[in-house]
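Visitor: I'm new to this one. Can you put it up and take me through a few contacts?

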Amino acid sequence: MKKQFKQWIFRLMVTGFFLFGLLVSFMLSPILLYGNKTTIGNYSIYHSKPLDNNFLKQLKQSGMLIKSSELYDPRLQMDVCLKDRSNYPKLIRTVMGKDFLSSFYNKIILTGDTVNFDDNYVQLDGHKWNLTQMLAHAQVHCLEFNHYGLWQSNPIAKHPVWKWEGYPEYIARKNFDQTDLHSNIKKHLEMETTNNNGWMKFSDNTEDLIVFDEYRLLIQYCIEIKKMTFIELMKDTTKQELVRQQMINWYNKRPG
């Protein structure tokens, strides 16, 4: 009986390892679940339907945005996986959870409810996120992984979320109403006092979570006012609450 029990345990472990390996293989090899692969510059685009010209423009614009990052590596090859009848986005959404867009390693996967290339947004649960900026955000996460490696990247490394998520937001959000720090703080403080269910809206009618907006502003303050690099900021031990208070003090002292 004891021997038989051990055999069952062994079989279950072998089956578990096999299924896990199969899952990893599918996650790392999108082509297994797509009909087409198109390579443009540093991007391998996986798709089942013909590529949309608006999407190609948005991807190019997002690539221009990430060049301002100190982590930018022109040699990094990235996989962009579209939501167009393939089961790959469904697989990623099942494994990683529901989101506008998911990213890991060098993979960028559109997983929202709706992707609208004509109006440049991805929608989830009724909320719209600027697609170009979302693509840039995801690419910066790939740059973070490329720079720090698996063991020093989130979620394993457990870096403060405001830094790990705020930096991609800072690099990605460069519309005309998103660049001036003083104006950004003013709008953010106004949104904190209104009943908006935790969301704020920009001039292009896309949105952002207020908490993510704060992360972005903290990064903007540290980089533009405190003159820190992102790598220096990652090593800094100042708590988020203190950085916010420093930022608000700066805001209150500055006229306008």
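**Salt bridges and a helix pair**

Guide: E214 has a relative accessibility of 14%, so E214 counts as buried (under 20% is buried, over 50% exposed, in between partly exposed, with a 1.4 Å probe and protein chains only). This is a predicted model, where local features need pLDDT of at least 70, side-chain atom pairs count only at pLDDT 80 or more, and totals for chains, interfaces and linings use all residues. Residues are numbered from 1 along each chain as its sequence is written, and side-chain values use heavy atoms, with hydrogens and water left out.

Visitor: Which side chain does E214 meet in a salt bridge?

Guide: That of R244, at 2.8 Å from N to O (a salt bridge is a side-chain nitrogen of Lys or Arg within 4 Å of a carboxyl oxygen of Asp or Glu). The pair links distant parts of the chain, with R244 in helix α9 and E214 in helix α7 (residues 210-225), 30 residues apart. Helices here are DSSP runs of H or I with at least four residues, strands are runs of E with at least two, and both are numbered from the N terminus.

Visitor: New topic. At what angle do α6 and α9 pack?

Guide: About 110°, with their axes 10 Å apart; α6 covers residues 181-192 and α9 residues 240-253. Axes are lines fitted to C-alpha atoms over the stretch in contact, and angles run from 0 to 180 degrees between N-to-C directions. The two helices are therefore roughly perpendicular (65 to 115 degrees).

Visitor: Which residues make the contact?

Guide: Among them are L181, I185 and L189 of α6, and M247, I248 and W250 of α9; contact means heavy atoms within 4.5 Å.

Visitor: How many salt bridges in the whole structure?

Guide: Nine. One of them joins D125 and K98, whose closest N and O atoms are 3.3 Å apart. D125 lies in the loop between β7 (121-124) and β8 (127-130) and K98 in the loop between α3 (88-96) and β4 (101-104), so the pair ties together parts 27 residues apart in sequence.

Visitor: How accessible are D125 and K98?

Guide: D125 counts as partly exposed at 48%, and K98 is partly exposed at 49%.

Note on methods: Angles under 35 degrees count as roughly parallel, over 145 as roughly antiparallel, 65 to 115 as roughly perpendicular and the rest as oblique.
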